[in-house]
Amino acid sequence: MVGLETEIAGALVEGSVTFLLQKIDAIATREWNLKQINRMKVQDIGRELGSIEALLQADSKEDPDHQYAVWIQQVRDQANAIEDVLDRVRLAEGSVWWGLKMRYSTEELIQEINTSLQNIQRTRERYHSMRSTSTHTGYSTYFPVRAAPLFTGDVDTVGIEEPRNQLVSWALEPRQRLEVMFVVGMAGLGKTTLVNSVYERVKQHFDCHVWITASKSKNKLDVLCTLLVEGFGCSITQRADKVAQARNLRKFLHNKRYVIVVDDLWEKNVWESIKLVLPDDGNNSRIIITTRRGDIANSCRDDDSIHIHKLQPLSWENAKQLFHTKAFSKNGGCPSGLEEISKSILHKCDGLPLGIIEIGKLLSRKAQTAYEWDKLHNSLESELRSSGGLSNMMSALSASYEDLPYHLKYCFLYLSMFPENKPVKRRRLIRLWIAEGFVREERGKTLEEVGEEYLNELIDRNMLKANEMDFDGRPKSMGVHSLMHKMILLVSHEDNFCSVCTGAEGNLTEKTRRLSIQKEGFDVPQDEPLPCVRTFFSFSTDLVLLRYLSLRNTNIRSIPWSLSKLRHLETLDLKQTLVTKVPKTVLKLKKLRHLLVYRYNMESVLPFDIVQGFKAPKRIGALKNLQKLSFVKASGQHRMSREHKMIQGLDNLTQLRKLGIVELAKEHGASLCNSIGKMRNLHSLNVTSLDKEEPLELDAMDPPRLLQRLYLKGPLQRFPRWVSSLHDLVRIRLKWSSLTEDNPIAALEDLPNLMELQLLDAYTGDQFDFNKGKFQKLKILDLERLERLKFIIMEDGTLPCLQKLIIRHCKELKQVPIGIDNLNHLNELFLCDMPEKFVAQLRKKVGELRHLLHRISYIRSYQGQSMEDLS
């Protein structure tokens with residue numbers, strides 16, 4: 001592993017060392033119960049590790065060689081060993097049994113690690129002295145790959161005609177001011193190709209023009225020199241400082257109409273240094289910047305003269321055309337025997353031009369047989385290595401990875417744990433990052449909030465992609481490009497970050513830290529201990545360092561007593577299992593942050609008891625670190641004993657962000673309100689009554705002011721007045737509320753941030769009035785089983801942001817809402833189990849009310865399992 005892979009590994013190991021130094025500091029300074037002998041030994045490790053960190057930083061400035069690769073491997077192994085020992089030290093200090101069993105071996109391990117670190121340092125010093133006498137030619141294929149479009153003209157411009165025409169039009173349109181366009185997209189998407197095509201078409205319309213490549217090696221002074229000397233032919237005095245250069249540049253460009261392309265921008269301050277010195281004389285000058293750093297582009301968008309064009313992957317047809325051109329250069333046609341494998345390979349390219357071009361060129365040099373092509377299809381990961389046929393593509397993709405700060409490197413590599421093209425839920429991914437210790441504490445923020453920021457930065461950097469968006473604009477599930485996934489699998493394997501098992505056998509060793517079984521039928525060998533595994537969804541091995549445990553969608557019925565040994569466990573995910581009771585042994589898991597135990601009963605379409613919760617220990621409040629708790633049964637056979645104490649004990653859970661309660665009896669309502677009043681950080685509250693006849697008694701609540709999501713299921717004798725005060729509320733769902741006098745529309749219309757409203761059998765009145773200026777941010781309105789509702793009136797100026805309207809099983813409703821034709825942003829209308837007479841009014845050509853729907857793009861009517869498209 002010499003070359004690019006070694007550079008990547010070195011960067012990750014440097015991050016590992018920095019991460020460990022922070023952990024060492026936390027243990028040695030803040031773990032007050034740590035015994036002095038262990039504290040001193042931990043501090044010794046920290047000193048040795050600090051010296052190695054300095055060597056890593058120095059070595060990162062030089063070219064990698066084989067000796068460096070060996071040294072990196074040694075440092076990585078010791079870093080992993082140190083992390084294990086640190087966690088064992090903490091485990092031993094917190095338990096008498098572990099202290100007796102492990103103290104000697106722990107102290108011995110610490111001493112061995114210290115000795116190993118000293119030997120590693122001495123070894124590196126010898127390697128370094130030997131290396132200083134040798135010469136290195138340097139290793140970098142990145143620049144030639146990304147610079148290629150500058151020399152190939154329009155050869156590979158398939159599919160960019162539309163964005164090219166848009167940018168040409170923007171560049172030439174007279175606006176009497178300097179304007180800037182950021183062209184943003186992931187590595188290999190064709191940003192340079194697109195902009196080069198635009199540049200060649202517009203440059204003759206400007207007084208002066210210049211193309212400069214910023215790249216990561218360019219600092220502010222380099223860019224200014226390039227503009228002055230190489231771009232505009234200005235002479236500068238030797239050793240001229242930046243101020244003098246800036247003045248020369250402004251003087252040269254004064255009253256000129258210019259176009260400047262800054263290709264491959266990586267640093268915000270490089271753009272800011274250019275922006276400060278460029279004059280705006282009202283001459284329609286233009287700046288075009290290409291970058292894969294969308295976060296930089298967004299942060300620079302401070303006025304309407306700065307625009308962002310997000311480059312999209314190629315369509316399937318364009319991708320196929322480009323692929324055939326490269327793979328079958330002689331005639332451009334695909335032989336019938338290769339059509340299926342071609343489609344499969346093209347799917348992996350996922351519209352990425354660089355991948356299509358590089359893989360196509362590689363295939364063009366191979367025999368056109370299904371055997372050869374299938375062999376490449378199955379070996380893409382190995383072809384990305386520095387000696388493989390796709391190493392150029394690896395260079396381009398890995399540049400984005402290398403640019404990440406170390407904590408984001410870990411978070412990004414974590415996607416190797418999941419199968420290719422399998423979306424990962426946003427919340428689940430963040431919980432896993434936290435459990436691994438990748439998310440750093442920041443004052444005034446929860447770990448979940450910091451994790452959300454990490455996620456957004458990876459999206460902005462075009463490393464992750466959002467597969468599905470939530471109603472509030474946040475990503476619901478995440479993924480990574482197929483070829484990027486191959487790259488992180490390679491890095492993950494080389495770095496022992498994760499062992500991925502995709503076949504009947506896996507390469508498991510005692511050093512395996514994260515185990516991802518991605519193949520059915522794989523069995524973990526029972527005779528091979530896995531003492532270092534931190535993430536693995538199984539009880540089959542004693543994994544004392546485990547932090548995240550998921551048995552979702554399994555048939556497990558009970559939690560074994562041995563679970564209490566997992567003292568580091570932070571997430572226990574038992575969704576869609578048969579577990580209905582959590583034993584009191586769980587109370588020993590003091591670090592537990594997420595306890596998710598429930599399943600959905602899908603036997604009926606709209607059962608009241610669709611959510612099946614669990615019976616919790618009465619002292620569940622002892623788990624004071626809990627962030628999420630759902631769904632807890634509030635009642636059982638003894639309605640005034642254990643359950644009542646459990647509800648009262650919830651007031652200790654002051655860190656809760658999400659709480660789900662089912663089977664709440666009326667007499668327990670006041671106690672629950674009192675407990676929730678102590679949860680000042682609560683963001684999501686979900687409460688279901690004991691049954692459809694048992695009222696929810698929640699009037700006495702002093703609501704958490706940060707509440708964003710509220711789900712109430714069960715009869716309400718009156719609408720809780722406190723709901724109208726929830727300034728941050730973005731979603732509310734009221735089901736089976738059966739309100740008779742309090743109209744929920746009137747109670748909710750002034751909530752300033754409400755985006756989604758669902759009312760299911762929530763009101764017995766016959767009319768809803770949406771008044772002018774109300775529901776300013778509502779995007780989704782879902783009205784269901786409102787059996788007596790006859791009319792919906794929407795005044796002009798109401799619901800200005802509504803995008804989706806759903807009407808289900810409202811049998812008495814006479815027609816679509818009056819005023820629906822004034823909703824400018826309404827794009828989707830779904831009708832479910834509505835009377836034929838109601839639907840007939842809306843059919844094309846014959847429906848007398850069809851004209852009211854002229855703004856709406858998607859209109860669907862569902863009757864049972866059948867669907868009618870009314871669009």
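This is a predicted model: local features need pLDDT of at least 70, side-chain atom pairs count only at pLDDT 80 or more; totals for chains, interfaces and linings use all residues.

Reader: How many helices and strands does the protein have?

Author: Helices (H or I, at least four residues) and strands (E, at least two) are DSSP runs, numbered from the N terminus. Here they come to 25 helices and 28 strands.

Reader: What share of the residues is buried?

Author: Buried means under 20% relative accessible area, exposed over 50%, and partly exposed in between (1.4 Å probe, protein chains only). By that rule, 55% of the 871 residues count as buried. As for contacts (heavy atoms within 4.5 Å), take those between residues at least 6 apart in sequence: 65% of them join residues at least 24 apart.

Reader: Now to sheets. In what order do the strands of the open sheet with S6 lie?

Author: In general, strands of a sheet pair through backbone hydrogen bonds, either parallel or antiparallel. Two strands count as paired if DSSP finds at least two bridges between them. In this case three strands form an open sheet in the order S6-S8-S7, with antiparallel pairing. Strand S6 (424-425) and strand S7 (465-469) are the edges, each pairing on one side only. S6 is joined to strand S8 (residues 475-479) by two bridges, and Val424 has Met478 in S8 as its bridge partner.

Reader: Do S17 and S18 run parallel or antiparallel?

Author: Parallel: five bridges join strand S17 (residues 658-664) to S18, with Lys658 partnered by Ser684. Between S17 and S18 the chain passes through helix H23 (residues 669-676), and this β-α-β crossover is right-handed. That term applies if, with the strands pointing away from the viewer, the path from the first strand over the helix to the second runs clockwise. S18 also pairs in parallel with strand S19 (residues 709-713) through five bridges, and there Val687 has Leu712 as its partner.

Reader: Which residues of S18 point one way, and which the other?

Author: Ser684, Asn686 and Thr688 point one way, while Leu685, Val687 and Ser689 point the other way. Strand S18 (residues 684-689) is mostly covered, as six of its six residues are buried.

Reader: Why is helix H18 said to be largely enclosed?

Author: Eight of the eight residues of H18 (residues 406-413) are buried, so the helix is largely enclosed by the rest of the structure. Among them are His407, Lys409 and Phe412.

Reader: Next, a loop. Is Ser564 buried or exposed?

Author: Ser564 has a relative accessible area of 8%, so this residue is buried. Ser564 lies in the loop between strand S11 (548-550) and strand S12 (571-573). A polar atom of its side chain is 2.9 Å from the backbone oxygen of Trp561. Leaving aside residues up to four places away in sequence, Ser564 touches Thr585, Lys588 and Leu589.

Reader: And where is Lys203 found?

Author: Lys203 sits in the loop between helix H7 (191-202) and strand S2 (208-213). Its relative accessible area is 22%, so Lys203 is partly exposed. Not counting residues up to four places away in sequence, Lys203 touches His209 and Val259. Lys203 and Ala171 are 32 residues apart in sequence and 9.5 Å apart in space, C-alpha to C-alpha.

Key
Residues are numbered from 1 along each chain as its sequence is written. Side-chain values use heavy atoms; hydrogens and water are left out. A polar contact is a pair of N or O atoms within 3.5 Å; within protein, one must be able to donate a hydrogen and the other to accept it, and residues adjacent in sequence count only if both atoms are side-chain atoms.
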